[in-house]
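This report describes one protein chain for a reader who has not seen it before. Please look at the sequence and the structure first; the text then goes from the whole chain to its parts.

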Amino acid sequence: MRKNMNNLILVSPTKEHESQVMEFCEEMLKNGEGFYGCSGLNSVSSYDE
């Protein structure tokens with residue numbers, strides 16, 4: 001079954017998202033990618049910052 005790709009759901013980050021966010025951050029740094037639109041994610045060293 002194909003999901004409707006026209007819907008966007010925004011959620012506030014919670015502690016449940018910590019591992020996903022930090023994995024994303026590591027991947028971006030590893031590949032030398034820019035953090036455009038990431039609200040300063042590139043300047044933090046932990047999820048709690």
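A residue is called buried when its relative accessible area is under 20%, exposed when that area is over 50%, and partly exposed in between. The model is a predicted one.

**The whole chain**

The C-alpha trace of the protein chain spans about 35 × 25 × 20 Å along its principal axes. The chain exposes about 4,700 Å², and carbon and sulfur atoms supply 51% of this area. There are 4 positive and 8 negative charges in the protein chain, and their mean positions lie 12 Å apart. As for secondary structure, the protein chain has one helix and zero strands.

**The helix**

Helix α1 covers residues 18-30, which is 13 residues. From its first C-alpha to its last, α1 reaches 18 Å, close to the 18 Å expected at 1.5 Å a residue. Which residues of α1 are buried? They are Met22, Cys25 and Met28. Seen down the axis of α1, the buried residues fall within an arc of 120 degrees, so they line one face of the helix. In general, an α-helix has 3.6 residues a turn, so residues three or four places apart point the same way. On the other side of α1, Gln20, Glu23, Glu26 and Lys30 are exposed.

**Before and after the helix**

Pro13 has its place in the segment before α1. In sequence, Pro13 and Tyr47 are 34 residues apart, while in space they are 9.9 Å apart, C-alpha to C-alpha. Just after α1, Gly32 takes a positive phi of about 65 degrees.

**The cysteines**

A disulfide needs two cysteine sulfur atoms within 2.5 Å. By this rule the count for the model is zero disulfides. Cys25 is in no disulfide, because the nearest cysteine sulfur, that of Cys38, is 8.4 Å away and the cut-off is 2.5 Å. Cys38 is likewise in no disulfide, and the nearest cysteine sulfur to it is that of Cys25, 8.4 Å away.

| Residue | Class | Relative accessible area |
|---|---|---|
| Cys25 | buried | 5% |
| Cys38 | partly exposed | 21% |
| Pro13 | exposed | 63% |

Technical notes. Residues numbered from 1 in each chain as written. Predicted model: local features only at pLDDT ≥ 70, side-chain atom pairs only at ≥ 80, totals over all residues. Heavy atoms only, no water. Buried < 20%, exposed > 50% of the residue type's maximum accessible area, 1.4 Å probe, protein only. Helix = DSSP H or I, 4+ residues; strand = E, 2+ residues; numbered from the N terminus. Areas by Shrake-Rupley, 256 points an atom, 1.4 Å probe, with all protein chains shown as cover. Lys, Arg positive; Asp, Glu negative; His and termini not counted. Charge placed at Lys NZ, Arg CZ, Asp CG, Glu CD. Expected span 1.5 Å × (residues − 1). Arc of directions from axis to C-beta.
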